[in-house]
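Visitor: Hi, I have a few questions about this one. Could you walk me through it?
Guide: Happy to, let's bring it up.

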Amino acid sequence: MPDSYAFSPRRAIGFDYQLPPAGRSFRIRPVTTRGKFRIGVLGSGKGSNLVAIAEACAGGQIPVEIALVLSDVPNAGILSHAQARGLPHRYLPPGPFRTKLDEAAEKAYGQALAEAGVELVVLAGFMRVLKSGFLKAFPHRIVNIHPSLLPAFQGLEAWRQALEYGVKFTGCTVHFVDEGVDTGVIIGQQVVPVLDHDTPATLHERIQQAERVLYPRVIGALAQDQIVTQGRRTVWRPEV
Ligand code: GRF
């Protein structure tokens, strides 16, 4: 990456983050004494996960504050939901590519998140692959939700893939984001049965209902330092 790509959310908000030595366990250590865990939510679509996370925050179920909502789609539902809830939100143009942000856009997204003091980047239906410069700026601090039990059915329309394959159970997965597509370390999963009368639409809706439970739960656990990562495995520590 060019030298100008120099924002650092760690420096900006004072993490005690360090890369874990190989083979040693790692966990997020939020600066909880300074208030709520600050997240930035990125989405391109209707925003049902944002709503679920916002309701868990507002209801006090999780000690989390949505510091910023960003979208690459100017009229996305996620921005309307953010506006309706009084959450800071912005449309940031993605540049000319269809499936990724261009370099200037990636920098703009990173800077906006760092300036908002975001400790965790939450992808909620953000339809663009994030490249290594962005990932390195937020190491171990980007999560995504995928509508299948990974590693099964990676990629688009995972619910349709599951239905067509004929599995009896599918679900959703929250994982850390790495350089692959839907390949990062798994943090949490929720199982959803496939019913005989399911269509892609009914199965998708049932998976999304599960997402709206799982995503706030995982974000709350990360905020409370309950998730320990060792290699590809994560362990949930009990609440303290
Ligand atoms: C979710 O179903 C998630 O699995 C996928 O994108 C969708 C976003 O939905 N990654 P919404 O915009 O949160 O309603």
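Visitor: Where is the place of Pro-151?
Guide: Pro-151 sits in the loop between S6 and helix H6, the latter covering 158–165. Do keep in mind that this is a predicted model.

Visitor: Which residue does a cis peptide bond join to Pro-151?
Guide: That would be Leu-150, and omega for the bond is about 15 degrees.

Visitor: OK, zooming out. How many helices and strands are in the protein chain?
Guide: The protein chain has 7 helices and 10 strands. Its length is 240 residues, and 40% of them count as buried.

Visitor: And what share of the contacts with a separation of 6 or more comes from residues 24 or more positions apart?
Guide: Such pairs account for 66% of those contacts in the protein chain.

Visitor: Asn-49 was on your list. Is Asn-49 buried or exposed?
Guide: Asn-49 is buried, because 25 other C-beta atoms lie within 10 Å. Its place is in helix H2.

Visitor: What is Asn-49 in contact with, leaving aside neighbours within four places in sequence?
Guide: Asn-49 is in contact with Ala-124, Gly-125, Ile-145, Glu-211, Arg-212 and Tyr-215. As for distance along the chain, Asn-49 and Leu-214 are 165 residues apart, yet their C-alpha atoms are separated by 9.7 Å.

Visitor: So how do H2 and H7 pack, and at what angle?
Guide: Their axes are 9 Å apart, and the angle is about 45 degrees. That angle makes H2 oblique to H7. The crossing of the two is right-handed.

Visitor: Which residues make the contact?
Guide: From H2 you have Ser-48, Asn-49, Ala-52, Ile-53 and Ala-56. H7 brings Gln-208, Glu-211, Arg-212, Tyr-215, Pro-216, Ile-219 and Gly-220. Sorted by class, the contact of H2 with H7 has 6 nonpolar, 4 polar and 2 charged residues.

Visitor: What about H6 and H7, how do their axes cross?
Guide: The axes of H6 and H7 come within 9 Å and cross at roughly 120 degrees. The two helices are therefore oblique to each other. H6 passes H7 in a right-handed crossing.

Visitor: And which residues make that contact?
Guide: On H6 they are Trp-159, Arg-160 and Leu-163, while on H7 they are Pro-200, Leu-203, His-204 and Ile-207. By class, the contact of H6 with H7 has 5 nonpolar, 1 polar and 1 charged residues.

Visitor: Changing topic: what is the phi of His-140?
Guide: His-140 has a positive phi of about 60 degrees, although it is not a glycine. You'll find His-140 in the loop between helix H5 (132–137) and S6.

Visitor: Why does His-140 count as buried?
Guide: Because His-140 has 20 C-beta neighbours inside 10 Å, and the cut-off for buried is 20 or more.

Visitor: And where is Asp-225 found?
Guide: Asp-225 is in the loop between H7 and strand S9 (227–230). Asp-225 also has a positive phi of about 60 degrees without being a glycine. Asp-225 counts as partly exposed because it has 15 C-beta neighbours inside 10 Å.

Visitor: One last residue. Which helix is Gly-77 found in?
Guide: Gly-77 belongs to helix H3, residues 77–84. With 18 C-beta neighbours inside 10 Å, Gly-77 counts as partly exposed.

Visitor: What does Gly-77 touch, not counting residues up to four places away in sequence?
Guide: Gly-77 touches Gly-45, Lys-46 and Gly-47.

Key: Residues are numbered from 1 along each chain as its sequence is written. This is a predicted model: local features need pLDDT of at least 70, side-chain atom pairs count only at pLDDT 80 or more; totals for chains, interfaces and linings use all residues. Axes are lines fitted to C-alpha atoms, for helices over the stretch in contact, and angles run from 0 to 180 degrees between N-to-C directions. Helices (H or I, at least four residues) and strands (E, at least two) are DSSP runs, numbered from the N terminus. Angles under 35 degrees count as roughly parallel, over 145 as roughly antiparallel, 65 to 115 as roughly perpendicular and the rest as oblique. A crossing is left-handed if the near helix is turned anticlockwise from the far one by less than a right angle, and right-handed if clockwise. Two residues are in contact if their C-beta atoms, placed from the backbone, lie within 7 Å. Ala, Val, Leu, Ile, Met, Phe, Trp, Tyr, Cys and Pro count as nonpolar, Asp, Glu, Lys and Arg as charged, and the others, Gly among them, as polar. A residue is buried if 20 or more other C-beta atoms lie within 10 Å of its own, exposed if 12 or fewer, and partly exposed in between; C-beta atoms are placed from the backbone.
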